[in-house]
Amino acid sequence: MRLRALLAAAVLTITTAPAALAAPDVAHGTDVPPGQFGFVAKIAMTKIPRPDGSTYGSFCTGALIAPSWIITTGHCFHDAHRKRVSGKVPYPTTVTLGLVDEATESGVARKATEVRQAKENDVALIRLDTPVTTVSPLTVNRAVPQIGLHLTLAGWGSLTATNPAPATRMQQGTVQVATVAPTTVGVRGAAPSITTSACTYDSGAPYFVPGGKSGALVSLEATGPDCPHAGVETTSRADVIADWIATQTG
């Protein structure tokens, strides 16, 4: 769920699943320092249905935007025919926050109970079974993104599109806004490399401007070329659904 290479950090398929269905992490990025970006969520899903009745497991990335709510890519939650769904979560989903290194930290784990899909773009909100009060949420940007703006990308996706696996250490990178469309923003790698990009299992990873207790969410990973790459990555704008987010999360 994908979907392509964002920072190479976060998802390992539990059973064989098409790579295009998984979300990428940050490729050609760097390790996130301890104690930073605790709002970035690793989303693990099991028993995802296929049309033939079999199931598989996969991952996405997301971000805490309110104590009980995670924002991520809408296509992470779908039926057996890949149609996005709202309502009760369609398969068991665990969300982990508040850590950057799985080898040394356990973080804060919650179960997802409900999915709400946005109409404007490929974004969904998922409700947690218990509020998270130990992690500062991202705020939602309301200004139109400007070409040239630098954003931080952080995620748990894979470091490569070849035999992708979720990262065990959160990755980060810097990208620059290259294009602005009515509901999406195109971004290109800026640092540490022009090929810094989202990767498999990074779908839903946040692009944000750091600051304050957390930062301001500008967009979320949607899709892009195979990672790592120097092309344009498509991300979903947060500002165009800011009012909807506020209404849904109370």
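Colleague: Buried means under 20% relative accessible area. With that cut-off, is Cys76 buried or exposed?

Modeller: Cys76 has a relative accessible area of 0%, so this residue is buried. Please note that the model is predicted.

Colleague: And Cys60, buried or exposed?

Modeller: Cys60 counts as buried because its relative accessibility is 0%.

Colleague: How many disulfides are there in the structure?

Modeller: The structure contains 2 disulfides. One of them joins Cys60 to Cys76, with an S to S distance of 2.1 Å. The angle about the S-S bond of Cys60 and Cys76 is -105°, and the link is left-handed.

Colleague: Where in the chain do Cys60 and Cys76 sit?

Modeller: Cys60 is in strand β3, whereas Cys76 is in the loop between β4 (69-73) and β5 (87-88). The pair links distant parts of the chain, 16 residues apart.

Colleague: What about Cys199 and Cys227: how far apart are their sulfur atoms?

Modeller: The sulfur atoms of Cys199 and Cys227 are 1.8 Å apart, and the two residues form a disulfide. Cys199 belongs to the loop between β12 and β13 and Cys227 to the loop between β14 and β15, so this pair ties together parts 28 residues apart in sequence. Cys199 and Cys227 are both buried.

Colleague: What pattern do the disulfides follow?

Modeller: With bonded cysteines counted along the chain, the pattern is 1-2, 3-4.

Colleague: Let us turn to aromatic rings. How many aromatic pairs does the whole structure have?

Modeller: A search of the whole structure finds 5 aromatic pairs. Among them is the pair of Phe39 and Phe208, which is edge-to-face, with 5.1 Å centre to centre and 85° between the planes.

Colleague: Which parts of the chain does the pair of Phe39 and Phe208 tie together?

Modeller: Phe39 is in the loop between β1 (30-31) and β2 (40-49), and Phe208 is in strand β13 (residues 206-211), so the pair ties together parts 169 residues apart in sequence. Phe39 and Phe208 are both buried.

Colleague: Why is the pair of Phe59 and Tyr201 edge-to-face?

Modeller: The ring planes of Phe59 and Tyr201 stand at 75° and the ring centres are 6.3 Å apart, so the pair is edge-to-face. The pair links distant parts of the chain: Phe59 is in strand β3 (residues 55-66) and Tyr201 is in the loop between β12 (184-191) and β13, 142 residues apart. The cut-off used here is that planes over 60 degrees apart count as edge-to-face.

Colleague: Are Phe59 and Tyr201 buried or exposed?

Modeller: Phe59 is buried, and Tyr201 is buried as well.

Colleague: Which residues do ring pairs link into a cluster?

Modeller: The cluster is made of Phe37, Phe39 and Phe208, linked by ring pairs.

Colleague: Now to strand β14. How many of its residues are buried?

Modeller: In strand β14 (residues 214-223), 8 of the 10 residues are buried, and the strand is mostly covered.

Colleague: How do β13 and β14 run, parallel or antiparallel?

Modeller: β13 and β14 run antiparallel and are joined by 6 bridges. Pro210 has Gly215 in β14 as its bridge partner. The hairpin of β13 and β14 has 2 residues between the strands, and Gly212 takes a positive phi near 65° there.

Colleague: And β9 with β14, parallel or antiparallel?

Modeller: β9 and β14 run parallel, with 2 bridges joining them. Here Thr139 has Ala216 in β14 as its bridge partner.

Colleague: How many bridges join β14 to strand β15?

Modeller: There are 4 bridges between β14 and strand β15 (residues 233-237), and the two run antiparallel. The bridge partner of Thr223 in β15 is Thr234.

Colleague: A last topic, the surface. Which residues make the nonpolar surface patch?

Modeller: Val144, Ile147 and Val180 make a nonpolar surface patch of about 260 Å². Val144 is placed in the loop between β9 (139-140) and β10 (150-155). Its relative accessibility is 44%, so Val144 counts as partly exposed.

Colleague: And where is Gly98 placed?

Modeller: Gly98 is in the loop between β6 (93-97) and β7 (108-117). Gly98 counts as partly exposed because its relative accessibility is 33%. Gly98 and Thr134 are 36 residues apart along the chain, and their C-alpha atoms are separated by 8.0 Å.

Note on methods: Residues are numbered from 1 along each chain as its sequence is written. This is a predicted model: local features need pLDDT of at least 70, side-chain atom pairs count only at pLDDT 80 or more; totals for chains, interfaces and linings use all residues. Side-chain values use heavy atoms; hydrogens and water are left out. Rings of Phe, Tyr and Trp (its six-membered ring) pair if their centres lie within 6.5 Å; planes under 30 degrees apart count as stacked, over 60 as edge-to-face and the rest as tilted. Buried means under 20% relative accessible area, exposed over 50%, partly exposed in between (1.4 Å probe, protein chains only). Patches are made of residues with over 30% relative accessible area and no salt bridge: like charges are joined within 9 Å, nonpolar side chains (Val, Leu, Ile, Met, Phe, Trp, Tyr) within 5 Å. Accessible areas come from the Shrake-Rupley method with a 1.4 Å probe; for residues, only the protein chains shown count as cover. A salt bridge is a side-chain nitrogen of Lys or Arg within 4 Å of a carboxyl oxygen of Asp or Glu. Two strands pair if DSSP finds at least two bridges between them. A disulfide is a pair of cysteine sulfur atoms within 2.5 Å.
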